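These notebook entries record what I looked up in one structure.

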Amino acid sequence: MTIETADLIETLTALGAEVRWCSGNIFSTQDHAAAAIAPLDWGPGDGPDLIIDDDGDATLLIHEGVKAAVVCSYGDVGKGCAVALKQASARVIVTKIDMY
């Protein structure tokens, strides 16, 4: 969870999206950003509209029935996530490709 991810979550929520997030990389998590998002209420619904994931944990959710995924950055982590999601039969959409 980075400040940029927290900003994206807050923006999407303000626009009406129901967002769930997960973060599993203790080395890139910014604690104050995660603390700001922690009170986010997932509500009583049957699932999220959007999953924001910076560590590939969404692959499990793909196996549980989520069939479309958006990869917002296509660096090394994004490439790995896109490949894993595609192998799990997800429809993968890439929004940004690194120049290098």
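**Entry 1. A term, and serine 89.** I call a residue exposed when its relative accessible area is over 50%, and buried when that area is under 20%. Serine 89 has a relative accessible area of 57%, so I note this residue as exposed. I located serine 89 in the loop between H4 and S4. I then read its backbone: phi is near 70 degrees, a positive value in a residue other than glycine.

**Entry 2. Model and confidence.** I record that the model is predicted. Where is confidence lowest, and where is it highest? I found the lowest mean, 62, in strand S2 (residues 50-53). The highest, 88, belongs to strand S4 (residues 91-94).

**Entry 3. Overall architecture.** I counted 4 helices and 4 strands in the chain. Read from the N terminus, the order of elements is α-β-α-β-α-β-α-β. The chain has 100 residues, and I noted 23% of them as buried. I also looked up contacts between residues at least 6 apart in sequence: 59% of these join residues at least 24 apart. The accessible surface comes to about 6,700 Å². Carbon and sulfur atoms account for 58% of that surface.

**Entry 4. Helix H1.** I compared the length of H1 with expectation. Its 12 residues reach 16 Å from the first C-alpha to the last, close to the 16 Å expected at 1.5 Å a residue. Which residues of H1 are buried? I list Thr5, Ala6 and Ile9. They cover an arc of only 100 degrees around the axis, which means that they lie on the same side of H1. The face turned away from that buried side carries the exposed residues Glu4 and Ala14. After H1 comes glycine 16, with a positive phi near 105 degrees.

**Entry 5. The largest nonpolar core.** I found 8 residues in the largest nonpolar core: Met1, Ala6, Ile9, Val19, Trp21, Ala33, Ala34 and Ile37. Helix H1 (3-14), strand S1 (19-22) and H2 each give two or more residues to this core. Which element supplies the largest share? I noted H2, with 3 residues. A second, separate core has 5 residues, among them Ala69, Val71, Ala82 and Leu85. As background, nonpolar side chains tend to be buried together in soluble globular proteins.

**Entry 6. Isoleucine 37.** I followed one core member in detail. Isoleucine 37 is found in helix H2 (residues 31-37). I count isoleucine 37 as buried because its relative accessibility is 4%. Leaving out residues up to four places away in sequence, I found that isoleucine 37 touches Met1, Ala6, Ile9, Glu10 and Trp21. I also checked isoleucine 37 against threonine 5: the two are 32 residues apart in sequence, and their C-alpha atoms are 9.6 Å apart in space.

**Entry 7. Methionine 1.** Methionine 1 lies in the segment before H1. Is methionine 1 buried or exposed? Its relative accessible area is 1%, so I recorded methionine 1 as buried. Methionine 1 and alanine 33 are 32 residues apart in sequence, and I read a C-alpha to C-alpha distance of 6.6 Å between them.

**Entry 8. Helix H4.** I repeated the length check on helix H4 (residues 76-87). At 1.5 Å a residue, its 12 residues should span 16 Å, and the end C-alpha atoms are 17 Å apart, which agrees. The buried residues that I noted in H4 are Gly78, Cys81, Ala82 and Leu85. They cover an arc of only 100 degrees around the axis, and therefore sit on the same side of H4. In general, an α-helix has 3.6 residues a turn, so residues three or four places apart point the same way. On the other side of H4 I found Asp76 and Gln87 exposed. Just after H4 I returned to serine 89, with its positive phi of about 70 degrees.

Notes:
Residues numbered from 1 in each chain as written. Predicted model: local features only at pLDDT ≥ 70, side-chain atom pairs only at ≥ 80, totals over all residues. Heavy atoms only, no water. Buried < 20%, exposed > 50% of the residue type's maximum accessible area, 1.4 Å probe, protein only. Contact = heavy atoms within 4.5 Å. pLDDT = per-residue confidence, 0-100. Areas by Shrake-Rupley, 256 points an atom, 1.4 Å probe, with all protein chains shown as cover. Core = buried A, V, L, I, M, F, W, Y, C linked by side-chain atoms within 4.5 Å. Expected span 1.5 Å × (residues − 1). Arc of directions from axis to C-beta.
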